[in-house]
Amino acid sequence: QQKQVLEDLEMPLVRRQTETLFQEQPQTGNPYLEDALLRSYLKTHLPPKVLEEVNRDLEKFGNRLLTKIQPLGWECELNPPVFRQYDAWGQRVDHIVTCTAWRRMKEVAAEEGLIAAAYERRYSNWSRLHQAVKLYLFSSSSGGFNCPLAMTDGAAKVIESLGIPGSLKNAFDHLTSRDPKKFWTSGQWMTERRGGSDVANGTETVARKQPDGTYRLYGFKWFTSAADSDVTLTLARVADAEGQVKQGSSGLSLFYLKVRDEEGKLNSIQVQRLKDKLGTRQMATAELWLDGAKAELISAEGRGVASISNMLNITRIHNVIGAVASMRRMICLSREYARKRVAFGKLLKDHPLHMQTIARMEVQTRGAFLLFMEIVRLLGLVETNMASEQDQLLLRLLIPVTKLYTGKQASAVVVEAMESFGGQGYMEDTGLPVIVRDALVLSIWEGTTNILSLDVLRSLTKSQGQVMAVFFSTVQKKLELASSAMKLERAMKRMRDAIGSLAQFTQAAGSKGVVAMELAARDFSYSLARIYAGALLIEHAARPDASSADISAARKWCNQELCPVATESGISSYEAEEVLADSALVYEGNPACGR
C-alpha cells in the first residue's frame with residue numbers, strides 16, 4: 001500500500017516534465033457586436049436612416065476583421081519590413097521590402113473606405129464619425145497599418161483645406177480612392193536631426209526653386225514613418241537668390257512630393273537605414289536623405305506651419321483612435337480570459353478584486369471613448385459647415401486635451417490588462433506584448449504630454465479666454481440635461497464642485513506668472529479631460545434607456561480626483577521657488593551640476 005501511494009505521488013511529477021502549459025485561449029467575437037458602449041452611442045446619436053446603414057456596414061466589417069484581417073495583422077507582426085540597400089551586383093537600390101500581408105492591408109483599407117468614407121460625405125456631418133468608428137474597430141487588428149492611414153487622412157485633409165488645387169486633384173483622388181489599384185498612402189516627414197516637436201528651430205531642409213516652378217529639396221529627415229508610402233508632405237525652408245533661408249516658423253513652407261518617379265525609382269531620395277523601434281515594428285520608419293528631391297510648394301511661402309496644422313489635428317485624432325482601440329482590445333481579451341481561467345479554486349471572474357481591477361480599466365476606457373466620439377462629432381460639423389463658432393473653439397481645445405490624456409490612459413490600461421493574465425501576459429506568442437509595445441508610442445507621437453499641455457494654454461491665450469467660457473457652458477448644459485437622474489446625484493455634485501474649483505483657478509490664472517502657468521499646464525489639461533469626460537459619461541448615463549453599466553461608469557469616473565490643478569494649486573505646487581526645488585531634487589548628487 002505504501003509503495004502504491006508513493007507511485008501515485010510520483011506519476012504526476014513524471015508527466016509534468018513532458019507536459020506543456022495548457023490554458024484556454026481567450027476568444028473574442030465580432031468586435032462591433034461585442035462593443036455595447038459603441039452601439040448604444042450610435043443608437044443615441046445617429047439619425048435612424050444613417051444608423052440602419054452604418055450598423056449594417058459595421059457588422060459586416062466586424063465579421064471581416066474577425067475572419068480575414070486579424071490573421072493578416074499577426075502576419076505583419078511576424079514579418080516586419082527589411083531594408084535592402086544594394087542588389088546582388090552592387091547597385092544601390094534602397095529597397096524597403098514589406099510582407100504580402102502589409103500590402104494586402106493597403107487593399108483592405110481602400111476596399112473598406114477607411115479614408116474615403118470621411119471625404120465622400122455620404123452621411124453629411126456623420127461621415128467623419130462613421131469613418132472614425134471603422135478605424136477604431138480596425139486599429140488593433142491592422143498590424144500597424146493604422147499609422148500610414150493616419151498620415152494619409154492628414155494629407156487628404158490638408159489638400160482639401162487648400163481647396164483641392166488643380167495640381168493636387170490627382171493626388172487627392174488617389175488618397176481618397178476605394179479602388180485598391182489606385183489608392184495611395186502618404187507619409188509625414190517632419191522630424192529632423194535636432195528633434196521632434198520644435199519644427200520651427202529643428203528644420204534644416206532647404207528648398208531650391210527650379211526654372212519650371214518646381215522645387216528641389218535638400219536635407220536629412222531623421223524619422224519618417226511609413227517610409228514605403230507613395231507620396232508625402234514635408235516642411236522645408238525656401239532659399240532666396242543668394243542661397244539664404246529665413247529661420248524660425250515664418251521661414252517654413254509646406255511641400256508635396258512623390259516618393260518615386262513614373263519608373264518606380266526613388267525621387268532623389270536615399271534611405272539611410274530603418275529605425276529600430278520598441279513598437280510599431282510592422283511599419284517601416286526610416287532615416288532619409290533628400291538629395292534634390294523634386295517637390296511642389298503647396299502652401300504660401302512661409303505659411304508651412306499654419307498649413308500643416310490641419311494634418312496634425314487629423315493625426316492627433318488618429319492617435320486617440322489607436323489609444324482607445326488598444327484599451328478596448330485588451331479589456332475584451334482580459335474579461336474573456338477571466339471567464340475561463342481557474343485560480344485558487346474558482347474562475348477569475350468570481351474573484352471580486354480581479355473584477356474590480358478590470359472594472360476600473362473599463363471606466364477609463366469608457367471615458368476615453370466618449371471623448372473620442374465627441375471630437376469626431378465636432379469635426380464632422382466643422383467639415384460640413386454646420387459648426388458654430390463655439391463648436392470650433394471647443395474642438396480646438398479638445399483635440400490636444402483628448403490626445404494627451406488618452407495617450408497616458410492607454411499606457412496605464414494596457415499594462416494593467418497584461419498583468420491580469422499573469423505570466424501568460426508576458427509571453428510574446430500570446431500577442432499581448434505587441435499591443436503593449438505599440439500603445440507606448442501614443443503618449444509620444446504627435447506631441448508629448450508636456451508639449452500638448454502647453455498647446456492647450458496657447459489655445460486659451462489665442463481665444464482670449466473665450467474657449468474656457470465655451471467649455472464651462474457646454475459642460476453645464478450636459479449636466480442640466482441630466483439633472484433629473486436621481487441615481488447620478490452624487491456624481492453630479494462632485495462634477496459641480498470640480499467645475500467650481502476649475503473656474504476659480506482659471507479666473508486667478510491671469511494674475512499668475514508665465515512660470516506658474518507652465519508648471520500647472522499638465523494638471524490643468526488633465527482637469528479639462530476628466531471634467532469633460534465626466535460630463536459625457538453622465539449625459540450618456542442619463543438617457544432613458546441607459547444600462548446599469550452606463551450609470552455605474554459615470555459614478556465611478558466621478559469618484560476620482562476630477563480637478564487636480566485646483567488641488568495642487570492649493571498646496572502651492574506652482575510657485576516660482578518650486579522650479580529650483582524640482583531641479584535640486586532631480587540633480588542631487590550629480591557631479592555635472594557643479595560645473
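**View 1. Helices that line the largest cavity of this predicted model**. Two helices, α6 (127-139) and α10 (304-338), each supply at least two residues of the lining of the largest cavity, and α10 gives the most, with four residues. Helices here are DSSP runs of H or I with at least four residues, numbered from the N terminus. A cavity is a set of points, on a 1 Å grid over the protein atoms alone, where a 1.4 Å probe fits but cannot get out, and lining residues have an atom within 4 Å of a point. Residues are numbered from 1 along each chain as its sequence is written. Because the model is predicted, local features need pLDDT of at least 70 and side-chain atom pairs count only at pLDDT 80 or more, while totals for chains, interfaces and linings use all residues.

**View 2. The centre of the largest cavity**. The volume of the largest cavity is about 200 Å³, a volume being the space filled by probe spheres set on grid points that are joined across faces, edges and corners. Of the 14 residues that line the largest cavity, Pro31, Leu137, Arg328, Arg329 and Cys332 lie nearest its centre.

**View 3. The second largest cavity**. This cavity holds about 50 Å³ of space, and α6, α10 and α11 (352-383) each supply at least two residues of its lining. Among the residues that line the second largest cavity are Arg128, Asp153, His318, Ile321 and Leu379. In the structure as a whole there are three cavities of 30 Å³ or more.

Conventions
Side-chain values use heavy atoms; hydrogens and water are left out. On a 1 Å grid over the protein atoms alone, a cavity is a set of points where a 1.4 Å probe fits but cannot get out, and a pocket is an open set with protein on both sides within 12 Å along at least five of seven lines; lining residues have an atom within 4 Å of a point.
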